[in-house]
Amino acid sequence: MGAALALASRGIGTSFPNPAVGCVIVNDGRVVARGWTQPGGRPHAEGAALAAAGAAAEGATAYVTLEPCAHVSPRGPACADSLIAAGVARVVIAAHDPDPRTNGDGAARLRAAGISVTTGVRAAEAEQQLAGFLTRLKRGRPHITLKLAVSLDGAIAMADGRSKWITGDRARAAAHLERARCDLIVVGRGTWDADAPTLDVRLPGLETRSPRIGVVGRGDGLPEHVTHFPDLAAVTADPALCVLVEGGMGLGASLLSADLIDALILMRAPILIGAGRTLADIGLADLPQAHGRWRAESIVTLGPDRIERFTRTR
């Protein structure tokens, strides 16, 4: 399953409108095929792996990071049916698929066909990887991550608004990797006007992974390739699975105040700014309300900077 999860990560940021899934097929103790959700969402991971396995799929075990789909679409067959037709003997599943078109029917269909099914293997890791897809189904909106570059004293810019650069080269490269893993990157109109950011991915080999760009606020004078969002409701109505919010004291604060941030990335530099700019008011009435809302996920050191990740507890 670890290999399947690693394969699934290859599709993050390119598999929209479908989730990024990984599949490994093993027969007689040997990996006979691997697959992951292809750009644009098709073929699904199972379809790609079965095509690579051919006859070797008969009697094999398939490891998949998400329950195989149970619905036929104009873009392809149901993966549960494809696994049955290929003659696999066992399917090991990480995460349950809450899509009402599947929602347990994929596993049930496999079992009805005499296939052994094991579920819940490394489910927590798969669910974290599938956060955009699961948030879309459960909350009817994209999964939204707020990224902030901050100083030791919590400033996100100098008093005059300058913020280039708070963090070093390696942390900024990590920020570009985060961009490559999302469907849409959003900034506030103030940040757009002040910094004229390109908001693309400039990592060697990943230049084609630049996401769509959105600006929240006034729409006048925006380039054609930029999506205009007049307000937060328009952002949450976007069909993207994963949204990365960069820049904007007001935008970040508004999203936090509306409790629309699902993940937080703090890129903390070992510098002191003093009278710098911080986030605007996030609607906190008293200090006890601030506790218990964020769960620390990881801390990584890149050069002099620290990348701290947090998940909103709900």
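Helices and strands are DSSP runs, numbered from the N terminus. On that basis, Leu284 is placed in the loop between strand 11 and strand 12. The structure described here is a predicted model.

A nonpolar patch on the surface is formed by Ile282, Leu284 and Leu287, which together have about 270 Å² of accessible area. When neighbours within four places in sequence are left aside, Gly283 is in contact with Ser257 and Gln289. The C-alpha atom of Gly283 is separated by 8.3 Å from that of Leu256, a residue 27 residues away along the chain.

Asp262 lies in the loop between helix 10 (249-257) and strand 11 (263-268). With a relative accessible area of 6%, Asp262 is buried, because buried means under 20%. The side chain of Asp262 makes a polar contact of 3.1 Å with the side chain of Arg314. Beyond its neighbours within four places in sequence, Asp262 is in contact with several residues, among them Thr135, His143, Trp294 and Phe310. Glu308, in turn, belongs to strand 13 (residues 305-312). Glu308 is buried, with a relative accessible area of 4%. Its side chain takes part in a polar contact of 3.0 Å with the side chain of Arg268, and another polar contact, of 2.7 Å, joins the side chains of Glu308 and Arg306. Apart from neighbours within four places in sequence, the residues in contact with Glu308 include Leu264, Leu266, Ser298 and Ile299.

Side chains of opposite charge can pair when their charged atoms come close. A search of the whole structure finds 20 salt bridges. In one of them, the side chains of Asp259 and Arg312 meet at 2.9 Å, N to O. Asp259 is located in the loop between helix 10 and strand 11, whereas Arg312 is part of strand 13, so this pair ties together parts that are 53 residues apart in sequence. Asp259 is partly exposed, with a relative accessible area of 26%, while Arg312 counts as buried at 13% relative accessibility. A network of salt bridges links Arg141, Asp259, Asp262, Arg293, Arg312 and Arg314.

A salt bridge is also formed by Asp220 and Arg189, with the closest N and O atoms 3.9 Å apart. Since Asp220 sits in the loop between strand 8 (212-216) and strand 9 (226-229) and Arg189 in helix 8 (residues 189-195), the pair ties together parts that are 31 residues apart in sequence. Asp220 is partly exposed, with a relative accessible area of 45%; Arg189 counts as buried at 10% relative accessibility. A further salt bridge joins the side chains of Glu125 and Arg122 at 2.8 Å, N to O. Glu125 is partly exposed, with a relative accessible area of 38%, and Arg122 counts as partly exposed at 38% relative accessibility.

Strand 1 (residues 22-27) and strand 2 (residues 30-36) run antiparallel and are joined by six bridges. Within this pairing, Val24 stands opposite Arg34 in strand 2. The two strands form a hairpin with two residues between them, and Asp28 in the turn has a positive phi of about 55 degrees.

Terms used. Residues are numbered from 1 along each chain as its sequence is written. This is a predicted model: local features need pLDDT of at least 70, side-chain atom pairs count only at pLDDT 80 or more; totals for chains, interfaces and linings use all residues. Side-chain values use heavy atoms; hydrogens and water are left out. Helices (H or I, at least four residues) and strands (E, at least two) are DSSP runs, numbered from the N terminus. Buried means under 20% relative accessible area, exposed over 50%, partly exposed in between (1.4 Å probe, protein chains only). A polar contact is a pair of N or O atoms within 3.5 Å; within protein, one must be able to donate a hydrogen and the other to accept it, and residues adjacent in sequence count only if both atoms are side-chain atoms. Contact means heavy atoms within 4.5 Å. Patches are made of residues with over 30% relative accessible area and no salt bridge: like charges are joined within 9 Å, nonpolar side chains (Val, Leu, Ile, Met, Phe, Trp, Tyr) within 5 Å. Accessible areas come from the Shrake-Rupley method with a 1.4 Å probe; for residues, only the protein chains shown count as cover. A salt bridge is a side-chain nitrogen of Lys or Arg within 4 Å of a carboxyl oxygen of Asp or Glu. Two strands pair if DSSP finds at least two bridges between them.
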